[in-house]
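Here is a friendly walk through one model, going from helix packing to the ligand and on to the domains. Please keep the viewer open as you read.

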Amino acid sequence: MLAGRRIVLGVTGGVAAYKAAYLARRLTERGAEVRVVMTPAATEFIGTATFAALTGNDPVVDLFSDKDPSPHTSLAAWADVVVVAPATASTLSRLASGESSNALIATLIATTAPVLLAPAMHTEMWEHEATRHNVATLKEWGYHIVEPDSGELAGGDVGVGRLADPDAIVDAIESIVINGPLAGLHVIVTSGGTREAIDPVRYIGNRSSGKMGNAIARVAAARGATVTLVTAADAPDLSGVETVSVESADEMAQAVWGRLEGCDVAVMAAAVADFKPSVQGTTKIKRDSGLPTVSFVPTADVLKGVHESENRPFLVGFAAETGGLEDAAAKVKRKGVDLLVGNDVSRSGSEFGSDTNQVTLFYKDGSSKALPLLDKDDVAKALWDEIVALRGAI
Ligand SMILES: Cc1cc2nc3c(=O)[nH]c(=O)nc-3n(C[C@H](O)[C@H](O)[C@H](O)COP(=O)(O)O)c2cc1C
């Protein structure tokens with residue numbers, strides 16, 4: 001469940017900081033990608049080298065480092081889940097008052113990902129009116145809290161305040177993923193560019209890399225959806241995603257149409273060929289035979305088939321255009337989609353294969369909204385936010 005999930009682990013200045021190393025280990029063992037952000041006080045308790053070795057990434061401690069001009073917003077956008085373990089009384093207080101003077105709290109305030117806080121402190125600190133008030137406020141705001149255990153504390157005292165067992169924290173993270181905003185949804189995503197065979201060796205294809213559709217599938221799974229990715233690109237290694245590899249438009253159509261029963265949302269991000277050679281050679285066409293003539297016939301229209309299915313899900317189409325998006329707007333009605341994502345692949349930053357994309361969302365009521373140039377992962381997150389909002393409005 002955690003494989004491939006992006007987890008930001010915040011570590012604060014409490015004695016239990018050493019247990020965060022074990023937690024980082026457990027998360028990476030389960031296949032999660034972990035990035036650590038430490039408060040300056042945390043470095044008094046445990047070294048950055050430990051987390052660097054365990055996670056493969058240098059922890060962020062300084063907001064103003066020269067490595068990343070804005071480490072808190074980078075971490076905030078990257079995270080599928082943020083967990084703070086241990087969370088000191090001081091960090092809880094600063095978070096509850098929005099005082100974001102260090103990299104951890106700035107990340108917490110900048111992120112829209114779910115946040116799990118695992119407080120740890122002496123019993124008196126945990127039971128203090130200020131801490132109780134802060135925890136209540138944070139819960140009310142939607143923060144997830146793993147309450148501290150009762151037991152032996154630093155210095156030999158006994159009482160409530162011990163950091164919850166790291167394995168229980170891992171379970172709580174899993175439960176956040178499972179119960180994410182897309183929990184219970186069955187989703188089909190397509191990605192990649194289809195290939196239409198001319199003969200067993202050659203094909204007509206396009207330059208789509210599959211990165212956009214793969215990001216949409218990854219984010220859906222990270223938010224708790226059951227995801228099937230039908231891809232014409234190299235199958236990505238995405239945990240919790242059922243991947244079906246296809247080559248041609250017709251194969252993609254059969255793979256998608258055959259899986260529509262029980263599907264809630266279909267996001268058709270693949271670049272599907274509109275036409276295919278009318279005849280596919282069964283053996284390689286030889287140079288000696290002279291210049292061949294290739295004639296074309298239309299391929300199966302994947303999007304149209306989904307729209308016309310008796311199991312029609314909420315349908316999102318993609319339109320890759322060049323030289324403007326006028327046609328994309330018209331496609332909303334023509335293709336019968338609920339939402340159309342248009343991108344101009346001739347624009348810098350939105351080319352096929354790029355890690356970024358600038359998309360415009362076209363709605364059924366004729367309106368549209370342009371998103372800024374974003375990482376494809378952030379486009380995927382924004383798109384799922386939009387789908388959830390639109391499905392609620394249907
Ligand atoms: C030896 C020692 C142990 C501490 N343990 C804790 C603790 O377990 N929980 C806590 O809330 N504060 C603890 N503190 C106090 C925090 O380190 C202090 O409030 C610090 O400012 C927290 O900063 P941070 O929240 O930015 O990491 C401890 C301090 C010392 C000196």
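Two residues are in contact here if their C-beta atoms, placed from the backbone, lie within 7 Å. Helices (H or I, at least four residues) and strands (E, at least two) are DSSP runs, numbered from the N terminus. You are looking at a predicted model, where local features need pLDDT of at least 70, side-chain atom pairs count only at pLDDT 80 or more, and totals for chains, interfaces and linings use all residues. Residues are numbered from 1 along each chain as its sequence is written.

**Helix packing**

Let us start with helix 4 and helix 5, where Thr-91, Arg-94 and Leu-95 in helix 4 meet Leu-104, Ile-105 and Leu-108 in helix 5. By class, this contact has 4 nonpolar, 1 polar and 1 charged residues. For the classes, Ala, Val, Leu, Ile, Met, Phe, Trp, Tyr, Cys and Pro count as nonpolar, Asp, Glu, Lys and Arg as charged, and the others, Gly among them, as polar.

Axes are lines fitted to C-alpha atoms, for helices over the stretch in contact, and angles run from 0 to 180 degrees between N-to-C directions. A crossing is left-handed if the near helix is turned anticlockwise from the far one by less than a right angle, and right-handed if clockwise.

| Helix pair | Angle between axes | Axis distance | Crossing |
|---|---|---|---|
| Helix 4 and helix 5 (residues 103-110) | about 40° | 10 Å | right-handed |
| Helix 4 and helix 7 (residues 129-140) | about 50° | 9 Å | left-handed |
| Helix 1 (residues 17-29) and helix 8 (residues 166-178) | roughly 45° | within 9 Å | right-handed |

How are helix 4 and helix 5 oriented to each other? Their angle makes them oblique; angles under 35 degrees count as roughly parallel, over 145 as roughly antiparallel, 65 to 115 as roughly perpendicular and the rest as oblique.

Helix 4 and helix 7 are likewise oblique to each other. On the helix 4 side, their contact is made by Ala-89, Leu-92, Ser-93, Leu-95 and Ala-96, while helix 7 brings Ala-130, Thr-131, Asn-134, Val-135, Thr-137 and Leu-138. That contact counts 7 nonpolar, 4 polar and no charged residues.

Helix 1 crosses helix 8 at roughly 45°, which makes this pair oblique too. Lys-19, Tyr-22, Leu-23, Arg-26 and Leu-27 of helix 1 face Pro-166, Asp-167, Ile-169 and Val-170 of helix 8 in the contact. Its class count is 6 nonpolar, no polar and 3 charged.

**Around the ligand**

Which element gives the largest share of the shell around the ligand? Helix 4 (residues 89-97) does, with 3 residues. Of the 15 residues around the ligand, Gly-13, Gly-14, Thr-39, Thr-88 and Met-121 come nearest; a residue is near a molecule if its C-beta atom, placed from the backbone, lies within 6 Å of it. The shell has 8 nonpolar, 7 polar and no charged residues.

**A cis peptide bond**

Most peptide bonds are trans. Ala-85 and Pro-86, however, are joined by a cis peptide bond with omega of about -5°, and Pro-86 sits in strand 3 (residues 81-87).

**Two domains**

The chain is divided into domain 1 (6-178) and domain 2 (186-393), with bounds that come from an automatic or database domain assignment. Their C-alpha centres lie 38 Å apart. In the contact between them, 5 residues of domain 1 touch 4 residues of domain 2. The domain 1 side divides into 3 nonpolar, 1 polar and 1 charged.
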